Protein chains: 2
Amino acid sequence: MAFDPLILTTSLAVAGVVAAIFLVLSVQKYPKGNEKMIGIWTAIREGSNAYLKRQFRTIAIIAIIISLVILVAFGATINFTYGGEIALSFLLGVAFSLFAAYVALYSATNANVRSTAAAEKSTYEALKVATLGGGALGLVVISMSLLGLSLLYAAFRDPGVLAGFGFGASLAALFAQLGGGIFTKSADVGADLVGKVEENFPEDDPRNPAAIADNVGDNVGDEAGRGADLFESLTAENLGGMIIGLIVSIIIFNGVINPYYVTMPLIVRSLGIIATFVGLAVAVLEKKFKNPIKPTRDGLLVASAIAAILMFIATWYVFGPGGLSPSGSDLAAYALYGCMVSGLAAGLLIVIYTEFYTGSNAKTVMSGNAVGMISSGLPVITVAIALLISFGLGEQFANLIPALKGEMFLGGVYGTTMATMGMLSTAGIVLTMDGLGPIVDNAGGIAEMSGAPEIIRERIEPLDALGNTTKALTKGYAMGSAALASLLLFQAFVLEVARYKAGIIDLTSLASNPGLAATLATQLSGLGTFLALNRPDVVIGALIGGMLPFVFSGTAINAVAVGAYRMVEEVRRQLREIPGLREGTAKPDYARAVDISTRTALRLMVVPGIIPVVAPIVVGVFLGWTAVGALVVGATISAIPLAIMMMWGGAAMDNAKKYVEMGHFGGKNTETHAATVVGDTVGDPWKDTAGPSLHILVKLLNTISLVFIPLFLSAIIIFH
Amino acid sequence: MAFDPLILTTSLAVAGVVAAIFLVLSVQKYPKGNEKMIGIWTAIREGSNAYLKRQFRTIAIIAIIISLVILVAFGATINFTYGGEIALSFLLGVAFSLFAAYVALYSATNANVRSTAAAEKSTYEALKVATLGGGALGLVVISMSLLGLSLLYAAFRDPGVLAGFGFGASLAALFAQLGGGIFTKSADVGADLVGKVEENFPEDDPRNPAAIADNVGDNVGDEAGRGADLFESLTAENLGGMIIGLIVSIIIFNGVINPYYVTMPLIVRSLGIIATFVGLAVAVLEKKFKNPIKPTRDGLLVASAIAAILMFIATWYVFGPGGLSPSGSDLAAYALYGCMVSGLAAGLLIVIYTEFYTGSNAKTVMSGNAVGMISSGLPVITVAIALLISFGLGEQFANLIPALKGEMFLGGVYGTTMATMGMLSTAGIVLTMDGLGPIVDNAGGIAEMSGAPEIIRERIEPLDALGNTTKALTKGYAMGSAALASLLLFQAFVLEVARYKAGIIDLTSLASNPGLAATLATQLSGLGTFLALNRPDVVIGALIGGMLPFVFSGTAINAVAVGAYRMVEEVRRQLREIPGLREGTAKPDYARAVDISTRTALRLMVVPGIIPVVAPIVVGVFLGWTAVGALVVGATISAIPLAIMMMWGGAAMDNAKKYVEMGHFGGKNTETHAATVVGDTVGDPWKDTAGPSLHILVKLLNTISLVFIPLFLSAIIIFH
């Protein structure tokens with residue numbers, strides 16, 4: 001009994017959006033606290049909104065230019081209609097991504113002050129408000145991604161066109177994360193270097209002119225940036241899975257497109273929305289806990305269990321004996337389900353490693369750096385094992401479905417697709433944990449700056465530490481899923497190359513030309529030799545790809561260094577020129593500090609943001625699609641350990657600073673403290689600017705390679 | 001008119017060794033200076049020798065275990081005779097490498113004090129002694145490598161057996177560079193942290209208990225370590241070139257091995273010895289200079305020109321019309337010569353970039369890190385362009401030699417071989433520059449600690465700065481050549497896999513079985529599909545390979561952190577317990593500090609050293625040769641930018657510290673100075689421990705993959 005799976009996915013996406021609105025409204029019922037809190041909150045909210053507005057304008061200009069490039073590139077190589085579809089899809093991707101960023105920011109600035117006020121009652125109430133705020137972020141991001149893909153697929157019925165949507169999402173996310181990351185870290189480092197080291201102010205001291213900018217930064221970097229970031233992650237991953245499902249289906253069913261193969265990634269994602277509902281309920285309802293991480297962690301575990309059960313049912317219903325897809329079998333369903341579980345387990349393992357490594361107290365920059373580098377080992381091995389298992393099970397799946405017999409490779413690739421979907425089935429609840437972080441961080445900042453009663457500050461302090469942990473956890477998870485997703489998108493890229501080479505631009509041509517499916521299969525089997533690691537174009541592409549994450553990170557870190565320097569100058573100037581500021585009798589000019597960070601971030605995000613757009617296009621035009629493919633894989637290979645080094649090494653350095661500030665090794669105002677503050681100046685841009693941008697970089701390269709295939713098929717230099 | 005090229009290469013190798021002995025003797029004619037200088041020099045020399053002896057013992061034990069593993073692995077898969085040959089070749093590689101390290105150390109400790117004493121006459125005399133000492137190192141390293149390969153090839157006539165020699169050289173070099181690097185940086189950082197920051201001693205103050213250990217470290221890390229390091233670089237690169245020459249020759253001449261194709265790399269290397277003679281003469285004879293880098297830089301330029309001329313003559317003589325190799329043509333000779341020039345030019349360009357990037361004054365850890373990351377761009381692009389040009393010209397070479405027609409790929413690979421040889425033709429003079437660095441560094445230390453007259457110290461100071469520059473230049477050059485060499489060795493690996501698969505273990509079987517050459521060609525053309533980037537084993541191998549340089553660097557940096565911590569404790573203890581030490585009336589216990597560094601280095605070098613030995617073997621046994629090949633390429637891709645980030649970023653941080661110490665930004669005893677000292681604690685192990693070990697790591701992975709091919713041909717898990 002067949003039904004259109006898009007009905008399921010679209011309605012669950014809508015349900016997710018509605019639930020998110022409901023969460024925002026339920027947060028709004030909470031009081032905002034006293035006048036002083038509201039004053040500070042208003043400054044933070046206005047600063048954040050003002051930044052976001054200017055950032056959106058910059059991104060919009062870049063997006064419009066790129067959409068014209070797409071139109072021209074496709075007009076010259078394929079035709080303008082197809083180019084127009086992809087350009088439209090691209091612009092929608094940018095718009096959806098920025099909308100997700102906006103909602104994330106709105107929800108966060110909605111919840112932060114209310115979390116502070118709720119701490120008057122209890123730590124539980126403060127955490128509950130923050131969790132609801134984070135939950136709204138999580139739900140809106142996964143639902144919007146699902147909605148966008150479902151609607152576009154319903155309109156065009158071609159995942160190839162959806163590549164534009166993925167490209168748009170990645171591009172917007174890269175700029176949002178970069179701009180936000182540069183903003184937040186120039187403010188943070190600037191505030192710390194003058195405030196903590198020179199003036200001996202505590203964190204979030206209202207006398208520090210950069211204090212508001214620092215809190216604005218948490219919002220625009222961690223909330224809006226991460227919202228766009230995870231929106232693009234989910235979108236890119238689904239997109240890759242759909243393309244693979246399409247080609248597998250064309251080859252198995254000899255030109256007939258089976259909707260279940262294509263939309264299985266969307267189905268799994270929509271089940272994730274249900275799992276998120278349950279996980280959120282668990283996290284919000286758990287009232288008694290010693291460690292404030294327990295409720296959300298329990299929520300994650302329950303959501304994982306629910307997702308595991310729902311995925312089993314869905315797999316059985318689609319691929320089992322008598323299922324919706326023809327020629328299913330019980331063993332085939334078990335094999336695919338095994339793939340999903342391997343991905344789910346790998347995701348949970350990476351979350352556990354992150355907690356382990358970032359918890360360690362690196363005493364020096366040197367050991368923080370060492371911890372960061374060493375910690376890349378386990379996640380990479382875990383991803384490798386998940387790939388191994390899911391590819392092997394996917395081969396078994398191919399073996400068990402008569403039509404797929406012999407197509408072991410395609411089966412394996414479909415298996416890794418299912419592993420990626422399994423890992424991402426818990427994305428909603430992980431996003432909640434991520435969104436919760438900056439809310440409690442801000443709640444603490446508002447409490448401190450408004451001079452809230454001691455009891456409120458005491459209750460919020462453990463939540464602040466929780467926020468740092470959850471932020472680190474979700475970054476690790478994002479990188480792990482990006483590794484799988486990038487390899488998936490690379491497979492999708494190879495399949496799309498075969499499709500273009502077979503001349504299947506319009507999928508409806510398959511019905512009228514029964515030989516096309518066979519042509520596609522032939523093209524596909526011939527592509528392997530062109531991707532051999534000993535070919536010069538592949539080697540050159542991979543070398544350049546491997547270098548890109550370093551140059552990108554270097555320019556991003558440099559932007560923070562420039563921004564922090566300007567902030568230091570400004571804070572010093574205000575302390576010098578505003579009489580009574582140091583004594584607390586005069587108010588600093590917060591807005592000017594916010595404005596400086598804004599201008600720095602928007603100007604300096606352009607260079608690192610443009611590099612990953614231009615590099616693959618130049619390489620592809622000269623050396624062809626093989627070099628671009630190798631570039632993407634090379635970038636993935638070096639970006640994963642580099643990102644982990646920066647994210648976890650940076651977190652370890654940050655923790656070292658906090659540890660000393662708590663009174664260990666002599667506490668504040670010692671040389672050890674100064675050394676950890678210096679360490680944190682490199683740790684901060686590592687963990688909050690360059691590190692979390694790297695996986696967007698990788699997927700941006702992936703989606704660009706997918707979109708511009710027609711351009712790469714005729715290269716200037718061709719090797720034999 | 002044919003003659004055996006091994007006669008040329010062996011005799012030039014012997015000439016190089018004789019010239020090196022002559023240089024050592026000519027240095028020994030110089031006086032050693034006053035009693036006090038000799039006293040300090042004796043302490044440095046004895047500490048260095050004692051360390052080296054203990055290090056050699058540790059490496060010998062590890063080498064003997066590995067040689068047994070080789071014997072057993074080959075006995076089980078091929079036969080014990082072949083295994084015995086490779087094990088013998090391996091042990092010789094270890095022995096030659098350690099001998100090169102010993103001579104390098106001997107020459108350096110021979111020259112350092114005499115350079116100090118010669119400064120009494122003039123800066124020129126001091127530089128001359130150092131240049132002669134560095135020249136001895138350079139000559140002995142290139143000559144010993146050439147000698148070992150020439151003799152082994154004369155004995156076995158099979159480059160495959162020589163892979164053992166390369167593996168031995170890489171293994172010994174990795175441990176020598178790691179152990180030396182950990183020693184020198186724990187001593188250096190420990191000496192700085194207490195001496196400079198806490199006690200406000202100047203550099204090389206005789207009251208600092210770690211002062212001798214710091215100078216010993218320069219010798220064992222920079223001289224012995226780098227000597228073994230470059231020995232293995234040259235050896236591995238020649239080895240790869242010879243294997244490629246062998247297979248190209250077998251396929252072109254249908255089973256007949258043309259000795260010129262195989263030994264062309266050795267011929268180019270021996271021409272490099274002549275170029276080094278001339279370059280050294282220029283460097284030593286130039287008496288008038290403003291900047292002390294000028295004489296050696298002129299030496300490098302002249303040596304490059306001489307090498308370019310000699311390579312043209314040799315190429316013409318071998319591959320030109322009527323040349324020694326059959327079916328040569330003038331255009332074919334031009335094409336190959338173009339490859340060599342592209343490599344030579346790329347090497348010089350990388351030297352220029354290094355000077356540019358390390359010269360920049362990064363003011364903070366953050367910007368030092370950013371500079372390091374960004375600076376990986378140009379070298380990678382340069383290497384990529386050299387590959388592109390030489391592969392393209394190599395294809396033309398294949399096109400022009402009738403027998404090679406159609407074998408465009410092999411021609412391209414042979415072209416990149418020639419590019420690598422071209423880049424390395426100037427290795428002798430670059431090694432001289434490298435050897436010169438620690439000699440003048442030590443000369444400065446001896447002058448400072450012995451309280452030499454002001455005029456001596458003034459004359460040596462600019463040489464000290466020169467030493468830092470030349471050390472950085474040669475590290476950049478080493479990494480550039482390693483990138484080319486690693487890709488060369490990977491091609492050699494693929495060719496050797498084809499050879500094993502074709503069953504050509506004994507090369508003499510080619511004569512009796514005329515069909516074998518065709519079988520080899522067939523095997524070779526079939527291998528590409530197994531190396532496709534979209535295969536799971538390739539992806540998994542590449543992911544793990546890309547992560548290895550990070551985990552390796554992390555463990556190495558961690559070892560320095562542990563060692564530095566111990567040194568800090570010891571220096572503090574001596575300052576506390578030895579009365580009169582701070583005032584200069586009592587002498588510190590230098591020997592104990594040396595002993596602590598020695599023990600730390602030898603114990604902590606084992607873990608990072610074992611990782612790259614075990615990882616490829618485990619991956620290969622499970623996932624087969626394709627995964628090992630991908631692992632090696634993955635490691636190369638991420639190691640190049642990571643090494644450049646660490647070497648150049650580290651140098652930028654070091655320069656920042658020196659810049660502040662010269663009085664800028666408030667000078668010493670300011671917070672800025674303290675921050676740069678903290679920055680240097682991470683910069684130091686970056687640039688002197690982990691960074692320069694990475695290219696050895698890459699080539700160790702290369703040579704292991706080459707040696708253990710028989711083990712990898714039957715994997716546990718096989719993908720379709």
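1. How the copies meet. In this predicted model, 100% of the interface residues of chain B are also interface residues in chain A, so the two copies meet through the same surface. Chain B is superposed on chain A by a rotation of 180° with 0.0 Å of shift along its axis, and the RMSD is 0.0 Å. This is the relation of a two-fold axis.

2. A nonpolar patch on chain B. Seven names belong to this point: I309(B), F312(B), I313(B), W316(B), L331(B), Y334(B) and L400(B) make a nonpolar surface patch of about 630 Å². Two elements of chain B, α8 (294-319) and α9 (330-359), each give two or more residues to the patch. The largest share, four residues, comes from α8(B). L400(B), also part of the patch, is found in helix α11 of chain B, which covers residues 377-400. L400(B) has a relative accessibility of 32% and therefore counts as partly exposed.

3. Aromatic pairs. Over all chains, the structure holds 44 aromatic pairs. One of them joins F253(B) and Y261(B) in an edge-to-face arrangement, with 5.5 Å from centre to centre and 70° between the planes. Angles over 60 degrees count as edge-to-face, which is why this pair gets that label. F253(B) is buried, with a relative accessible area of 16%, and Y261(B) is buried at 0% relative accessibility.

4. Are Y261(B) and F397(B) buried or exposed? Both are buried. In chain A, ring pairs link F253(A), Y261(A), F319(A), F397(A) and Y414(A) into a cluster.

5. The structure holds 62 salt bridges over all chains. In one of them, K471(A) pairs with D222(A), and the closest N and O atoms are 3.0 Å apart. This pair links distant parts of the chain: K471(A) is in helix α14 (residues 454-501) of chain A, D222(A) is in helix α6 (residues 211-252) of chain A, and they are 249 residues apart. K471(A) counts as buried at 7% relative accessibility, and D222(A) counts as buried at 4%.

6. Another link to helix α6, here in chain B. D434(B) forms a salt bridge with R226(B), with 3.3 Å between the closest N and O atoms. D434(B) lies in helix α13 (residues 427-449) of chain B and R226(B) in helix α6 of chain B, so the pair links distant parts of the chain, 208 residues apart. Both D434(B) and R226(B) are buried.

7. Which side chain does R297(B) meet in a salt bridge? The partner is E355(B), at 2.7 Å from N to O. R297(B) is in helix α8 of chain B and E355(B) in helix α9 of chain B, so the pair ties together parts that are 58 residues apart in sequence. Helices α8 and α9 of chain B also give residues to the nonpolar patch. R297(B) counts as partly exposed at 31% relative accessibility, and E355(B) counts as partly exposed at 29%.

8. A salt-bridge network. In chain A, a network of salt bridges links K185(A), D188(A), K475(A), D654(A), D684(A), K687(A) and D688(A).

Methods:
Residues numbered from 1 in each chain as written. Chains lettered and ligands numbered in written order. Predicted model: local features only at pLDDT ≥ 70, side-chain atom pairs only at ≥ 80, totals over all residues. Heavy atoms only, no water. Least-squares fit on C-alpha atoms with pLDDT ≥ 70 in both. Contact = heavy atoms within 4.5 Å. Patch = residues over 30% accessible without salt bridge, like charges linked within 9 Å, V, L, I, M, F, W, Y side chains within 5 Å. Areas by Shrake-Rupley, 256 points an atom, 1.4 Å probe, with all protein chains shown as cover. Salt bridge = Lys/Arg side-chain N within 4 Å of Asp/Glu carboxyl O. Buried < 20%, exposed > 50% of the residue type's maximum accessible area, 1.4 Å probe, protein only. Phe/Tyr/Trp six-rings, centres within 6.5 Å; stacked < 30°, edge-to-face > 60°.
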